[in-house]
Every structure is written in structure tokens, then in C-alpha cells.
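Here is a walk through one protein model, meant to be read with the structure open beside you.

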Amino acid sequence: MKFKLSHDLYVKNLNSIRWYASFVGLDIMEPNYKPNILTVLALFAIMLPLLSEFYTIWYYWPNLVKLMESAAIYGIFVQGVAKFYTALRYRKFFEAMYNRLDRFHYEYRHHEKNNATLLLLMERICLVTKLITVQVLFSGFVLAFYPAVQYILKGETIMPFAIVIAFTDPEKMSHFLLNIIVQYYLLIVGIAGFLAAESVLILFVTSVAGYADVLKNKIDEMNDSLLGIEHVDDRTTVKFKLREILMLHQRVLEYENDLDQRYYLNNWVQVASILFNLTGALFGCYVSSSFNMYALAIAVVIQLFELCLLGTILSIKVSDRNEEIEQAFYNSLWYLMDRSEKKDFMIMFHKSQHAVEMTVASMAPLNIVLFIAIMQKIYAFAMMLMSFFE
């Protein structure tokens, strides 16, 4: 279906996110939302293996391969708890962000240039979301069917995850079935929950590009107005355009600041847990050649790359490093403004040079440079473990 209005495509994207979130009882856009039975079940299912990790270590000790596979999966559960907490604790923030973006797209639905710009952005957001969906579903498919394939080909009874529920023994059939039921339920809610969380992150961060592009369009319109009244005393049109730019720029700064504050914890937990995920997965790939670990390693690398790429997009669009907003201000016809107009415009220009960027617990900027550094460290650590194992 071809959309003509960015607002319509935004609503479609939001409805998809809500559908995924409903599987874990976190459809916070539902009127008068309250946690329900699905919320409780999902939270219990996530916490159960998380709290069972110490028992899992005791159960598999000293099998280093199983312990590393367990560490790889454990990082996923840590992420899941952090995302769950963020959604519940800051649901008013997410609701406000959804409404803010809805209003933004609705305002420019009849503005030909801005609507075209935002529509192109939403099409790209939907495309990236579909690619992430395919990747997550593929990884989930491998994790779900690998035990069945192993049983058919080799007669082995294995579980999708190297996590054992506390006080159970998978060697016993009843305990094995209990673990299998819990793990397959976790696969369902985990896929839905991660798709919702990743889709929201993509939507929120890349929407900054929409704000920046619309702001540039408004500056272009103001430039046209400045040229049109160069020899005329009535500057009402210019002042109106300047006021629009001031208000939109303030919205950009507020949006960016809220985004960094609310994803502060999520970014730190996600990057820290990926260290466990990827180290354990790489070790499993090398030692046991497990398809589960290959699928998990691919998924985790893509997830880390996506997170760092979104941080880079935010930096390019609104930070003080080669950003487009600052260039738009700098290249404007500000020298045709009167004194009061120049004063307001210079304040905006100054603020555009001190924009906030997404970080990992304020320790490092979230960008592609960080992605490369993390991958190098993980690879070096994994190689050290492999040499120790051999």
C-alpha cells in the first residue's frame, strides 16, 4: 500500500509497535493502560531464568562450553529486564513521545515539501524496521527449531537455551518438559518484546532527522522571505518565519534531551550485556559450532551496530560535529536581518553548537567508533578464552 501522507504511515508504524507490545502486556498507548495478566506472565518468565543463573552455573560446572552459552543467553535476559523496566517506569514518557511525533507529522500533512520529507523518512524507518524484524525472526526460528533438528538427526534432547530453571534436572523428562515450555514461551514474548523495543528506538532516534530536515526547510523559507522584502519595510513575514524556527528549534532540543535522559540506562545495560552475549556466542561458535550460537552472534552484532548507528545519526543531525542544523544556520541569509532578528538567530546558532548526544552512561559517545572499539575488545577476549580452553 502506497501512502501519501507521512502521518498515515506513522500511525501504521505505531500500530505495529503496539501489536508487538501487546504480547508482553505493554501496549501503553491503550487508553487508561494498566498492567495485565500478560504483563505479569512476561515479567515472571523473564525473571525466572534470570534468577536461576546461579543454579545454572552450579548445574553445568565445570563444562566451560555450556557456561559460555549460558552467559550468551543471560545477557539477553538482562536486556529484557531493562527494557521491561524502562517501558513500565517511564510509560508516560513513551506516551508523550508518541503524541509528540503524532502532532509533528499531523502539522505538516498538507505542507507539500515537509510532508514529502517526512514521508521519505517514515518509509526508511519502516524499511529498517522490516530488516530488523527479519533478522530477529530468523534468529528466533533457529533457536526454536534447532532442538528438533538435533533430536531428528542425532537423537539428542537439548533445550533452546543453556539455562536451567532453579531446582530442576533436565535429565528427568518432567523437568525437561517444564524447562522447554518456559523457554518456548520466552521465545515468543522475547521476539515480540525485542521487536517492539527496537522499533521504538529506531522510530524515536531517526525522527530527529525529520525535525532537522523540517527545520532546514523552514530556514530556506525564511531565506526566500528575506530576499522578497530586501527593499521593503514590512518585516512581518520574516518575523513570523523566525518565530516558527525558534519554536521548532526549541522542540528539537527538548526532544533530543528527553531521548538521551530516558535511554541513559537502556544504552548502558544494552552495551554491557552485549559483552556477555557476543563473547559467549563467539566462544560457542568456535568450540561447538552450534547453530544457536551462530544465530545469536549475528543477532547481537546487528543489534550493537544498529544502536551505535542510531547514535551516529543523532550526532550527525544535531550535535556539534559536522551537523546539518548548524550548517543550515550558518548558510542562511542572516546578514539581511535587522538587529533584533539577528540577536534571536545568533542565540539559536549558539545552541545548535552545544547539542546533546546519546552516550553510554556518560562514559563514551554512542557511535560507530564505539562499535569498532567494542568489537575489537570482545574479539580479543574471546580469543583469549579459546586459547585457554585449548
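The report below goes from the overall fold to the core, the aromatic pairs and the cysteines.

**Overall fold**

Please keep in mind that this is a predicted model. Along its principal axes, the C-alpha trace spans about 90 × 45 × 35 Å. Of its 390 residues, 52% count as buried. The exposed surface comes to about 19,600 Å², and carbon and sulfur atoms supply 66% of that area. Among contacts between residues at least 6 apart in sequence, 77% join residues at least 24 apart.

**Annotated spans**

An unreviewed UniProt entry annotates "transmembrane region" at residues 37–61, 67–88, 125–145, 180–205, 268–287, 294–316 and 368–389. Two of these spans can be set against the model. Residues 37–61 are 92% helix and 0% strand, with end C-alpha atoms 36 Å apart. Residues 180–205 are 100% helix and 0% strand, and there the end C-alpha atoms lie 37 Å apart.

**The nonpolar core**

Which residues have the most contacts inside the largest nonpolar core? They are Tyr98 and Phe204, in a core of 93 residues. Helix α7 (residues 173–228) gives the most to this core, with 21 residues. Apart from it lies another core of 8 residues, including Tyr60, Leu67, Met159 and Phe176.

Leaving aside neighbours within four places in sequence, Phe204 touches Phe93, Phe94, Met97, Tyr98, Leu101, Tyr255, Leu259 and Tyr263.

**Aromatic pairs**

The model holds 17 aromatic pairs. Two of them are set out here.

| Pair | Centre to centre | Angle of planes | Type |
|---|---|---|---|
| Phe93 and Phe204 | 6.4 Å | 85° | edge-to-face |
| Tyr211 and Tyr255 | 5.0 Å | 45° | tilted |

The phenylalanine pair links distant parts of the chain: Phe93 belongs to helix α5 (residues 91–107) and Phe204 to helix α7, 111 residues apart. Both Phe93 and Phe204 are buried. Tyr211 lies in helix α7 and Tyr255 in helix α8, so this pair ties together parts that are 44 residues apart in sequence. Tyr211 and Tyr255 are buried as well. Elsewhere to look at, Tyr55, Trp58, Tyr59, Tyr60 and Phe167 form one aromatic cluster.

**Arginine 262**

Arg262 lies in helix α8 (residues 236–262). Is Arg262 buried or partly exposed? Its relative accessibility is 28%, so Arg262 counts as partly exposed. Leaving aside neighbours within four places in sequence, Arg262 is in contact with Thr86, Tyr90 and Phe93.

**Cysteines**

How many disulfides are there? The count comes to 0. A disulfide is a covalent bond between the sulfur atoms of two cysteines, and the cut-off used here is a sulfur pair within 2.5 Å. The sulfur of Cys308 is too far for a bond, because the closest cysteine sulfur, in Cys285, is 20 Å away. Cys308 is buried, with a relative accessible area of 0%. Cys126 counts as buried too, because its relative accessibility is 13%.

Technical notes: Residues are numbered from 1 along each chain as its sequence is written. This is a predicted model: local features need pLDDT of at least 70, side-chain atom pairs count only at pLDDT 80 or more; totals for chains, interfaces and linings use all residues. Side-chain values use heavy atoms; hydrogens and water are left out. A nonpolar core is a set of buried Ala, Val, Leu, Ile, Met, Phe, Trp, Tyr and Cys residues joined through side-chain atoms within 4.5 Å. Buried means under 20% relative accessible area, exposed over 50%, partly exposed in between (1.4 Å probe, protein chains only). Helices (H or I, at least four residues) and strands (E, at least two) are DSSP runs, numbered from the N terminus. Contact means heavy atoms within 4.5 Å. UniProt positions are given in the numbering used here, feature names are shortened, and annotations may be inferred rather than shown by experiment. Accessible areas come from the Shrake-Rupley method with a 1.4 Å probe; for residues, only the protein chains shown count as cover. Rings of Phe, Tyr and Trp (its six-membered ring) pair if their centres lie within 6.5 Å; planes under 30 degrees apart count as stacked, over 60 as edge-to-face and the rest as tilted.
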